Amino acid sequence: MQPTPPPAARLWLKKWSGLRRVADKRRQQFVHCVSELREAGIRCRRRRNTDRFWDIRCEKGVLHIPRILIHDGTKALFLNLIAFEQCHMDIATPGGNNITSYAIFMDNLINSAEDVKYLHDRGIIEHWLGSDGEVAELFNRLCLEVVFDINDSYLSGLSDQVNRYYDHKWSTWVASLQHNYFTNPWAIVSVVAGVFLLLLTMMQTFYSAYSYYRPPA
């Protein structure tokens, strides 16, 4: 029988374990969720030229994600595949942890039913479940107990690419402009009219100043 550690040691172990869990969670964060990516101008489109649902690409701020069908047996299928990969981590097998990587990536993308709806509208997710919220819950629970490091994943390079685009201030500004002012034709007309009036005001100011400092001969 092992001796019980003193209270101070137990407290230290508890804090250390909590920090380790936080670190593990950070190592499983490929990208931001769909809603946050959209705010930074990153869009999602269905990738059609592949039959592998995990074959994700990123080009010029667009995530190309193959279509996947979610049904009643999807959760059990993913859990079995993830468990298989976890049990064979020490064996060099083709595609070693692709399914685990994909599941965690989709978990990162999906935080809410709204994220699922967006992916459904883009033709990326089709499901036979009761609601978009059930799909979100499915992906959010698949890898709760999985030990995983994104640096050991085929999606690590894509993750870096997406995050660099996400951190770029120009893309965020353009996306914000589109969401706030270019959502309907009247908003576009008002923006164009505002820019036109601003140009007219600048021209009037310039000619007024020019005529003051350079009066006609």
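In the predicted model, the sulfur of C44 lies 9.2 Å from that of C58, the closest cysteine sulfur, and this separation is too far for a bond. A disulfide would require the two sulfur atoms to be within 2.5 Å, and the count of disulfides under this criterion is 0. C44 is buried, its relative accessible area being 3%. C143 is likewise buried, with a value of 7%.

Both C44 and C58 are in contact with L63, as are L37, R43, R45, I56, R57, F105, L109, L158 and V162, when neighbours of L63 within four places in sequence are set aside. L63 also belongs to the largest nonpolar core, which comprises 40 residues; together with F105, M106, L109, I110, L119 and I125, L63 touches the most other members. Two or more residues are supplied to this core by each of α2 (34-39), β3, β4 (68-70), α3 (74-87), α4 (98-109), α5 (113-121), α6 (132-141) and α7 (156-166). The greatest contribution, 7 residues, comes from α4. In soluble globular proteins, nonpolar side chains tend to be buried together.

Nonpolar side chains also occur at the surface, where V195, L198, L199 and M202 form a patch with about 380 Å² of accessible area together. Of these residues, L198 is placed in helix α9, which spans residues 185-213.

Most residues other than glycine have a negative phi. K60 occupies the loop between β2 (57-59) and β3 (62-66), and this lysine is exposed, with a relative accessible area of 79%.

How values were computed: Residues numbered from 1 in each chain as written. Predicted model: local features only at pLDDT ≥ 70, side-chain atom pairs only at ≥ 80, totals over all residues. Heavy atoms only, no water. Buried < 20%, exposed > 50% of the residue type's maximum accessible area, 1.4 Å probe, protein only. Patch = residues over 30% accessible without salt bridge, like charges linked within 9 Å, V, L, I, M, F, W, Y side chains within 5 Å. Areas by Shrake-Rupley, 256 points an atom, 1.4 Å probe, with all protein chains shown as cover. Salt bridge = Lys/Arg side-chain N within 4 Å of Asp/Glu carboxyl O. Helix = DSSP H or I, 4+ residues; strand = E, 2+ residues; numbered from the N terminus. Core = buried A, V, L, I, M, F, W, Y, C linked by side-chain atoms within 4.5 Å. Contact = heavy atoms within 4.5 Å.
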